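Try each task before you read its solution.

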Amino acid sequence: MTERYELQCRECRTSVGNRPSSVCEECFSPLEVTYDYDDIRTCLTREAIAQRAPGIWRYRELLPVADEYEATLPIGFTPLVPAPQLARHFRSRRLFLKNDCFCFPTLSFKDRVVAMAMAQARRFGFEVVGCASTGNLANAVAAQAARAGLRACVLIPADLESAKVVNTQVYGARLVRVAGNYDQVNRLCSQIADAYHWGFVNVNLRAYYAEGSKTVGYEIAEQLGWRLPDNVVVPMAGGSLITKIKKAFDELVKLGLVEPKPVKIFGAQATGCSPISTAVKAGQSDIAPQKPSTVARSLAIGNPADGHYAIQAITGSGGWAEDVSDKEVVDAMQLLAATEGVFAETAGGVTVGVARKLFAQGRISPDETTVLCITGNGLKTVEALQGRLELPEPIPAKLAAFQEHIADEAEAVAV
Amino acid sequence: MSIQVLIPTPLRKHTSGAGQISCNASSLPELLGVLGLSYPELRRHICDEQGQLRRFLNVYVNEEDIRFLGGSDYRFSDGDEVLLIPSIAGGAS
């Protein structure tokens, strides 16, 4: 088996090879996957990538899988689309959506990371995979475990949206609802991982799993014609995605696949759970944990494990972080849908709402290329729109009734 | 003040395999001192050069994050259960 990667401590740089492990045993800091970039530079070219099927595996040399690993699922390579109507609202001239509402198979960017975790579960011989989740990860783990023939045990906060619950159970996963918030679920998972020989996606497989998020960054660059954007706006829960998008851009520069260019990284949170944006705005390098209370449940992590690194990625890039109220989140969901025809989940409302704020504050320049990361599908969080959309009374199936019904529609023109 | 400290597996090689330690301490700084006397290796791994608890280690008292209870100022009660859990981050180089 040829593996061109290994785990290394993020802080003390101790190498630990490849094994299921959650932290450095020397200093308890996080582990990070490192690669032999000199080796990768010789084989990974734009032309080689162009020959490969669309999906995350076209960047496989930069992912923690052995050369022999048979990756088959067409995950990722979601659309990067211009958003001209939304741009007009922001007075932006070059705005794009990276739209993971359509990620295969469970309609969120978590499909990317879980693909990495499944490869490791195979590699290390786990028969059960588990995770703590605010919903999207639960869906992705349940679906991909079913496909891989592994058992899945998924722990969620008890108050999750019903679509996320159904979307986990339908695949046959064992669902454990915990009376508590995500941070409590996550702490419990750490203890479970200690006691059971399971592959815990966000515990002992986390360093590998998180690498899947880099593919969002590779795809943005490739879909922009192998160019980096000027700005990227990313929703933050645990803070991992934003750090991995930065890592992806840095790697592409290191490998000569794109021209070096400073990219400003902007982080988005809901005010009701904003430990990272609060720290950035206060100029602090560490987060103070919060008790989440927000409609954006997929982002409701009050003690984000990657908070420290997310802050570094944002401030080191000259970016910023902002947060928006629940009302602004839902307003932004509706704005995105009405302007661009994209129905994103609440996290998408957070990203769009924060982008609106950043443009208004002048932190993002209208002439620059800006990409908003839309990470999950709105059908998963329809509850958020409760009270916003009125269900019309049914009308008789008669033309006259229709005409009366539509009379208030000024633009309705009878042919 | 007698409290119970639960030790996660990766730390147990520094506690001669003990998963649970009873000790007397009234606050977190005092607890770190007490643990350091019995298990100097443990202290070296969980504290930085300044003697502060490492950034990525979370402390829970009776399942609540100690930062919500006042952190170092929190006074332990008799029978408190203290849990040390590494904060698991993905990081980025």
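**Exercise 1. Describe how helix α10 and helix α12 of chain A cross.**

Step 1. Find the helices. α10(A) covers residues 240-254 and α12(A) covers residues 307-316. Helices (H or I, at least four residues) and strands (E, at least two) are DSSP runs, numbered from the N terminus. This is a predicted model: local features need pLDDT of at least 70, side-chain atom pairs count only at pLDDT 80 or more, and totals for chains, interfaces and linings use all residues. Residues are numbered from 1 along each chain as its sequence is written, while chains are lettered from A and ligands numbered from 1 in the order in which they are written.

Step 2. Take the axes. They come within 8 Å and cross at roughly 45 degrees. Axes are lines fitted to C-alpha atoms, for helices over the stretch in contact, and angles run from 0 to 180 degrees between N-to-C directions.

Step 3. Classify the angle. α10(A) and α12(A) are therefore oblique to each other (under 35 degrees is roughly parallel, over 145 roughly antiparallel, 65 to 115 roughly perpendicular, the rest oblique).

Step 4. List the contact (C-beta atoms, placed from the backbone, within 7 Å). α10(A) supplies Ile242(A), Thr243(A) and Lys246(A). α12(A) supplies Tyr309(A), Ala310(A) and Ala313(A).

**Exercise 2. Decide how enclosed strand β13 of chain A is, and find its partners.**

Step 1. Check burial (buried: 20 or more other C-beta atoms within 10 Å of the residue's own; exposed: 12 or fewer; partly exposed: in between; C-beta atoms are placed from the backbone). Five of the five residues of β13(A), 370-374, are buried, so the strand is largely enclosed by the rest of the structure.

Step 2. Find the pairs (at least two DSSP bridges between two strands). β5(A), residues 95-99, runs parallel to β13(A), with five bridges. Lys98(A) has Cys373(A) as its bridge partner. β10(A), residues 231-235, also pairs in the parallel sense with β13(A), over three bridges. Here Asn231(A) is partnered by Thr370(A).

Methods:
Contact = placed C-beta atoms within 7 Å.
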